[in-house]
Amino acid sequence: MNAASYKIMQSIMCNVCKYLGISKITICGKSRERDAVMARIIFAHMARAWNVTLIDIGKQINRHHASVIRYLRDYDDNYKYDKYFQNAVDAVVNHKLLRDS
């Protein structure tokens, strides 16, 4: 992983954590709760948009690259059909808090 990819992923991770109100430990952990999985999907999609490799994305969130491929495949359907997911993506992209703390 090069320094530029690492910096990009750290920035994306901070934004996802901040605007979804979830910790990095939860995103990188083994939790299968909806919010954690949703955060991983959003993180993977945003990192891939910056041309970060699947392996590097997987290493950042403690997942295999095949899981990252699955997250990227799931993104479009989730965004299209799941209003909660759509609100979460919009919160991260538009820098608005999803939940009031």
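Predicted model: local features only at pLDDT ≥ 70, side-chain atom pairs only at ≥ 80, totals over all residues.

Q: Why is Asn-62 called exposed?
A: Asn-62 has a relative accessibility of 53%, and since exposed means over 50%, the residue counts as exposed. Asn-62 lies in the loop between α4 and α5, and its phi is positive, about 55 degrees, although it is not a glycine.

Q: What makes Asn-51 count as exposed, and where does it lie?
A: The relative accessible area of Asn-51 is 67%, which is over the 50% that the term requires, and therefore Asn-51 is exposed. Asn-51 is found in the loop between α3 and α4 (54-60), just after α3, and its phi, near 65 degrees, is a positive value in a residue other than glycine.

Q: Which residues of α3 are called buried, and what do they pack against?
A: Buried means under 20% relative accessible area, and in α3 the term applies to Ala-36, Met-38, Ala-39, Arg-40, Ile-41, Ile-42, Phe-43, Ala-44 and Ala-47. These buried residues pack against α1, α2 (24-28), α4, α5 and α6 (83-93). In α1, the buried residues are Ser-5, Met-9, Ile-12, Met-13, Val-16, Cys-17, Tyr-19 and Leu-20, and they pack against α2, α3, α4 and α6.

Q: Why is α3 called roughly perpendicular to α5?
A: The axes of α3 (residues 34-49) and α5 (residues 65-81) come within 9 Å and cross at roughly 100 degrees. Angles of 65 to 115 degrees count as roughly perpendicular, and so α3 is roughly perpendicular to α5. On the α3 side of this contact are Arg-40, Ile-41, Ala-44, His-45 and Arg-48, which meet Val-68, Tyr-71, Leu-72, Asp-74, Tyr-75 and Asn-78 in α5. The residues of the contact divide into six nonpolar, two polar and three charged.

Q: What makes α3 and α6 oblique to each other?
A: The axes of α3 and α6 come within 11 Å and cross at roughly 50 degrees. Angles under 35 degrees count as roughly parallel and those of 65 to 115 degrees as roughly perpendicular, and α3 and α6 are therefore oblique to each other. The crossing of α3 and α6 is right-handed. Here Arg-34, Asp-35, Met-38, Ile-41, Ile-42 and Met-46 in α3 meet Tyr-84, Phe-85, Ala-88, Val-89 and Val-92 in α6, and the residues of this contact divide into nine nonpolar, no polar and two charged.

Q: Which residues bring α1 and α3 into contact, and what kinds of residue are they?
A: Met-9, Ile-12, Met-13, Val-16 and Leu-20 in α1 meet Ala-39, Ile-42, Phe-43, Met-46 and Ala-47 in α3, and the residues of this contact divide into 10 nonpolar, no polar and no charged. The axes of α1 (residues 3-20) and α3 come within 10 Å and cross at roughly 145 degrees, in a crossing that is right-handed.

Q: Why is Lys-96 called exposed, and which residues does it touch?
A: Lys-96 has a relative accessible area of 56%, and because exposed means over 50%, the term applies to Lys-96. Lys-96 lies in the segment after α6 and, not counting residues up to four places away in sequence, touches Tyr-19 and Ala-91. The C-alpha atoms of Lys-96 and Lys-18, 78 residues apart along the chain, are separated by 9.1 Å.

Q: What makes Arg-73 count as exposed?
A: Arg-73, found in helix α5, has a relative accessible area of 62%, and since the cut-off is over 50%, Arg-73 is exposed. Arg-73 and Lys-7 are 66 residues apart in sequence and 25 Å apart in space, C-alpha to C-alpha.

Conventions: Residues numbered from 1 in each chain as written. Heavy atoms only, no water. Axes fitted to C-alpha atoms, helices over the stretch in contact; angles between N-to-C directions. Helix = DSSP H or I, 4+ residues; strand = E, 2+ residues; numbered from the N terminus. Parallel < 35°, antiparallel > 145°, perpendicular 65-115°, else oblique. Contact = heavy atoms within 4.5 Å. Nonpolar A, V, L, I, M, F, W, Y, C, P; charged D, E, K, R; others polar. Left-handed = near helix turned anticlockwise from the far one by under 90°. Buried < 20%, exposed > 50% of the residue type's maximum accessible area, 1.4 Å probe, protein only.
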